[in-house]
Structure formats: structure tokens, C-alpha cells
Amino acid sequence: MNKETENGERRLGSKGNKTYSEISENGFQSYTEDISKRRELTERILQGIREGNEYQTLRAVQEKNRMDVPGRLNDELTEWKYELIQMMALIIIDLCQTGTIDLILDALHTEYTRLIYKAGSIEECKLLSEKMAERFCSINQVETIREYSGLVQKIILAVDMDLSQALTLQYFSDALSVNPSYLSNLFKKETGVTITDYVTDHRMRAAANLLRKTQLPVKTVSKQVGIMDVHYFCRLFKKRTGRTPSQYRADI
């Protein structure tokens with residue numbers, strides 16, 4: 001947070017470690033070095049995301065999080081939120097240039113804007129920056145699907161990123177501006193399964209993971225994997241696993 005000294009000077013940086021006159025007296029070298037370092041780390045984050053390199057991305061994010069925020073605003077938490085919003089915008093612009101499907105980016109933008117707004121502390125902002133970087137990084141980890149056509153890759157990535165959407169053939173057809181019959185045949189030809197079966201399989205695997213790792217109610221698990229009707233979810237889960245969600249959790 002920017003603070004004032006006894007003579008009314010404003011301090012810069014989240015820890016109030018420099019005043020304008022101190023920067024003037026000591027020269028701008030250290031201050032400009034700080035700005036240069038932040039830019040360098042930002043580029044490393046963007047590069048890591050482009051390459052799907054989660055290790056490089058997280059290291060750069062963590063190093064950037066150890067630095068003071070620039071101190072442009074009076075409230076430090078607001079400053080951190082501003083930094084996150086700015087970082088997300090840069091990532092989305094960068095990924096748009098790589099051809100990432102707009103629907104994925106729109107969904108992530110909406111999700112993380114809401115989470116940033118709700119963040120109640122600087123530590124929460126730092127954790128959120130890491131989660132955000134991991135999530136964006138994962139959409140470029142496409143080494144295992146490069147054998148598929150561009151259309152099929154986009155469907156696979158969309159399913160991997162956000163199961164909460166109504167991931168139907170019509171949804172993808174509209175999003176990609178492709179004839180549904182052509183898209184259905186293409187996906188089945190390249191993957192060996194229908195779009196519906198692929199989406200259902202991912203939903204059930206995600207549900208099983210939530211049942212193993214959390215104590216969320218079954219109704220909540222159902223909604224998180226994109227199935228609003230919990231009774232239908234339970235029937236589908238039992239058909240796929242041989243057990244109801246409650247039985248599956250109890251057997252772990």
C-alpha cells in the first residue's frame with residue numbers, strides 16, 4: 001500500500017520501501033531494474049504457457065509473487081488483484097494468437113475474474129496466480145493429441161478444460177461453425193468413440209476423482225461435472241463403474 005511519510009511524501013511499493021524523492025536521489029536504476037525484472041518474469045510465464053511447460057511457468061509465477069507490487073494504487077490487495085487481471089489479459093491475448101478456441105478462454109476469463117474479485121487476502125491472490133497459471137498452461141499441453149485434426153483437438157481441449165458446459169454435438173458444431181454430421185463422423189473416425197461417449201467418460205472420471213479426494217455431496221459433484229440431474233448422474237455413474245457414487249466413496 002502506498003503510504004505517506006511525516007512530510008507528506010508518498011511511498012511506493014507494497015511494503016512502502018521507497019519515496020519519490022528517494023528514487024530521485026538514488027537514481028532510477030534500481031527502480032527500473034525492478035520493472036525490467038517484472039517484465040522478464042511476465043515473458044517467462046507467457047512462454048511457459050505457450051509451451052505447456054508447467055514447471056517453468058510456476059517458477060516464474062512464484063518468483064514474481066515474491067516481488068513487491070508496483071504501488072500504483074492506495075490499497076495493496078486491490079493492487080494485487082489488478083496485477084492478476086492484467087496478467088490474465090496478457091495470457092488470453094497470447095493464447096488467442098495460438099488459435100486456442102475462444103469458448104475455452106471465455107470460460108476461464110469468467111471463472112478467474114470471479115475468483116479474483118472474491119479474493120480476500122494477498123496470500124489468496126498469490127495462490128490464485130499459481131492455479132491460474134497451471135490452468136492456462138494445461139490447455140497448451142497438447143503433445144498427446146497432435147495426431148488429431150485441428151477440429152478434434154479443439155473438442156478434446158474444451159472437454160478437458162471445462163466439464164460444466166453443455167458439451168453436446170450441437171454445442172461444438174455451433175462453436176466451431178461446422179456441420180454437426182461432419183463433426184460427429186470426423187471425431188468418431190479419429191478417436192474411435194463418439195463425442196457423447198468421450199464427454200461422458202471424462203465426466204465420470206472427474207466425478208470419481210472428486211468422490212475420492214473430497215467430501216462434497218453427491219449432488220454437488222454431479223453439478224461440478226456438468227450433470228444437473230443428480231438421479232441421472234447416479235444412474236450413469238453406476239452404469240459406468242458398477243457402483244453408485246455413495247458405494248464408490250464408501251469402498252475407497
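D201 is partly exposed, with a relative accessible area of 31%; here buried means under 20% relative accessible area, exposed over 50%, and partly exposed in between, with a 1.4 Å probe and protein chains only. The model is a predicted one, in which local features need pLDDT of at least 70 and side-chain atom pairs count only at pLDDT 80 or more, while totals for chains, interfaces and linings use all residues. Residues are numbered from 1 along each chain as its sequence is written, and side-chain values use heavy atoms, with hydrogens and water left out.

D201 forms a salt bridge with R205, at 3.2 Å from N to O. By salt bridge I mean a side-chain nitrogen of Lys or Arg within 4 Å of a carboxyl oxygen of Asp or Glu. The two residues are four apart in helix α10 (residues 195-213), about one helical turn. Helices here are DSSP runs (H or I, at least four residues), numbered from the N terminus.

How many salt bridges does a search of the whole structure find? The search finds eleven. One of them joins K37 to E63, with the closest N and O atoms 3.1 Å apart. This pair links distant parts of the chain, since K37 is in helix α2 and E63 in helix α3, 26 residues apart. E63 also forms a salt bridge with R44, where the closest N and O atoms are 3.5 Å apart. R44 lies in α2 and E63 in α3, so this pair ties together parts that are 19 residues apart in sequence. K37, E40, R44 and E63 are linked in a network of salt bridges.

K81, in helix α4 (residues 76-96), presents another case. K81 is buried yet has no salt bridge, and the nearest side chain of opposite charge, D75, is 7.2 Å away. For charge, Lys and Arg count as positive and Asp and Glu as negative; His and the chain ends are not counted. Leaving aside residues up to four places away in sequence, K81 touches I116, Y117, A119 and C125, a contact being heavy atoms within 4.5 Å.
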